[in-house]
Amino acid sequence: RCKNLSVSFWNSYWMLPSDVCGMNCFWEASFRYGYMKTHPSEKMHLAVVACGERLEETVTMLRSAIIFSIKPLHFHIFAEDQLHESFKDILDEFPYEGKVNYTLYPITFPSESAAEWKKLFKPCASQRLFLPLILKNVDSLLYVDTDILFLRPVDDIWSFLGKFNSTQIAAMAPEHEEPRIGWYNRFARHPYYGVTGINSGVMLMNMTRIRRKYFKNDMTPVRLQWGEILMPLLKKYKLNITWGDQDLLNIMFFHNPESLYVFPCQWNYRPDHCIYGSNCKAAEEEGIFILHGNRGVYHDDKQPTFRAVYEAIKNYSFGDDLVRSLLQPLEQELQKTMHTYCGRVYKVFIKQLTKSVRDLYARRSKG
């Protein structure tokens with residue numbers, strides 16, 4: 001199945017080891033099943049909540065997590081009951097025995113207030129607030145929305161856990177880089193973190209610390225634990241919040257700013273970072289690390305740059321050559337989007353992805 005491939009240098013920043021056939025053979029014969037067994041390490045836990053028509057989007061996100069990650073992954077998938085069989089059928093076909101495990105969970109809220117939590121913002125979105133209470137045996141967790149795509153190993157964002165100081169319990173990115181287009185600083189009717197608020201689409205959590213912490217709040221002089229503070233917050237602010245659970249998190253970290261680690265915008269890159277002109281300087285320098293296609297941009301024609309990346313990862317077949325089957329077709333599609341503001345900076349969409357492919361091949365060549 002291995003054929004001699006002549007791979008030219010692709011763009012000024014792309015270099016491949018010369019023995020491409022050898023690497024492909026190694027991929028076919030060994031890496032798929034054995035690499036992680038010879039490199040024991042901690043397991044990374046990733047959670048997602050999928051409801052409605054989010055099956056394909058969620059699976060594409062999971063695929064992007066698998067492609068580049070090094071340590072074993074455990075997916076915690078919270079989904080409506082009717083989606084469970086479809087998830088099982090798809091995930092059981094993933095060819096990564098020993099590297100990937102998953103657990104499916106029903107959507108569950110506290111019984112006395114389940115209806116209120118379920119209708120908050122989008123269906124099931126507030127499920128993320130209860131993950132520390134449901135996954136009691138999980139020490140740390142990366143929560144992501146279904147419309148996330150990993151363009152570099154999950155290991156790299158997981159490593160931020162080691163950068164937390166003694167008071168930090170979670171990490172998120174700012175909602176905006178440019179206050180002039182910020183939502184919270186212009187429209188919010190409730191407290192929010194920092195200058196422009198935080199976005200909860202990518203949320204890294206030390207859940208042991210979350211469960212132990214007593215939170216300052218504006219409802220009582222007594223500090224409350226995570227399981228005690230959620231419902232009182234909702235009751236106080238439910239008429240003033242627009243973005244549901246994300247707003248509640250902003251309120252919590254407004255009162256407890258010492259508890260949040262803020263990571264740069266390229267770890268949660270959204271259309272707002274380019275639709276009015278590029279404003280994520282870190283992505284301009286290093287590329288996008290995690291792409292967040294909120295506002296449904298993967299599925300309409302409003303932001304073709306985002307959609308091109310989504311389609312490329314969705315259509316990639318595990319085991320195919322990543323340069324020919326992913327990178328080259330993607331760059332061709334991205335070049336067609338230069339009539340848009342995001343398309344004008346299309347290279348930030350492929351810069352880190354290219355490096356991730358190069359690093360992956362280098363790891364494989366070393367065995």
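**Close-up views of a predicted model**

**View 1. Surroundings of S69.** Apart from residues within four places in sequence, S69 is in contact with M44, K99, P153, V154 and D155. The structure shown here and in the other views is a predicted model. S69 sits in the loop between α2 and β2 (73–79). Its relative accessibility is 2%, so S69 counts as buried. A polar atom of the S69 side chain lies 2.6 Å from the backbone oxygen of A65.

**View 2. The disulfide of C51 and C124.** The structure holds three disulfides. In the one formed by C51 and C124, the sulfur atoms are 2.1 Å apart. The torsion about this S-S bond of C51 and C124 is about -100 degrees, so the disulfide is left-handed. C51 lies in the loop between β1 (44–50) and α2 (55–68), while C124 lies in the loop between α4 (114–118) and α5 (131–134), so the pair ties together parts that are 73 residues apart in sequence. Both C51 and C124 are buried.

**View 3. The disulfide of C265 and C280.** C265 and C280 form a disulfide with their sulfur atoms 2.0 Å apart. The angle about the S-S bond is 95 degrees, and the link of C265 and C280 is right-handed. C265 and C280 both lie in the loop between β10 (260–262) and α11 (281–286), 15 residues apart. C265 has 4% relative accessibility and therefore counts as buried. C280, at 1% relative accessibility, also counts as buried.

**View 4. The disulfide of C274 and C342.** C274 is joined to C342 by a disulfide, with an S to S distance of 2.0 Å. The torsion about the S-S bond of C274 and C342 is about 85 degrees, so this disulfide is right-handed. Because C274 is in the loop between β10 and α11 and C342 is in helix α14 (residues 341–344), the pair ties together parts that are 68 residues apart in sequence. C274 counts as buried, with 0% relative accessibility. C342 counts as buried as well, at 0% relative accessibility.

**View 5. The largest nonpolar core and Y269.** The largest nonpolar core has 78 residues, of which L46, F87, L142, F150, Y269, L291 and F349 touch the most other members. Helix α2 gives the largest share of this core, eight residues. Domain 1 (44–259) and domain 2 (266–314 + 322–361) both give residues to the core, so it lies between them. Setting aside residues up to four places away in sequence, Y269 touches C274, C280, A283, I288, I290, L291, H292, F306, V345, V348 and F349. A second, separate core of 42 residues includes F109, Y193, F215 and F253.

**View 6. Surroundings of L224.** L224 lies in strand β9 (residues 224–225). With 16% relative accessibility, L224 counts as buried, because buried means under 20%. Neighbours within four places in sequence aside, L224 is in contact with K213, Y214, F215, N217, M219 and I229. K213 is 11 residues from L224 along the chain, and the C-alpha atoms of L224 and K213 are separated by 8.1 Å. F215, among the contacts of L224, is also one of the residues in the second core.

Key
Residues numbered from 1 in each chain as written. Predicted model: local features only at pLDDT ≥ 70, side-chain atom pairs only at ≥ 80, totals over all residues. Heavy atoms only, no water. Disulfide = S-S within 2.5 Å. Helix = DSSP H or I, 4+ residues; strand = E, 2+ residues; numbered from the N terminus. Buried < 20%, exposed > 50% of the residue type's maximum accessible area, 1.4 Å probe, protein only. Contact = heavy atoms within 4.5 Å. Polar contact = N/O pair within 3.5 Å; in protein donor to acceptor, adjacent residues only side chain to side chain. Core = buried A, V, L, I, M, F, W, Y, C linked by side-chain atoms within 4.5 Å. Domains from an automatic or database assignment.
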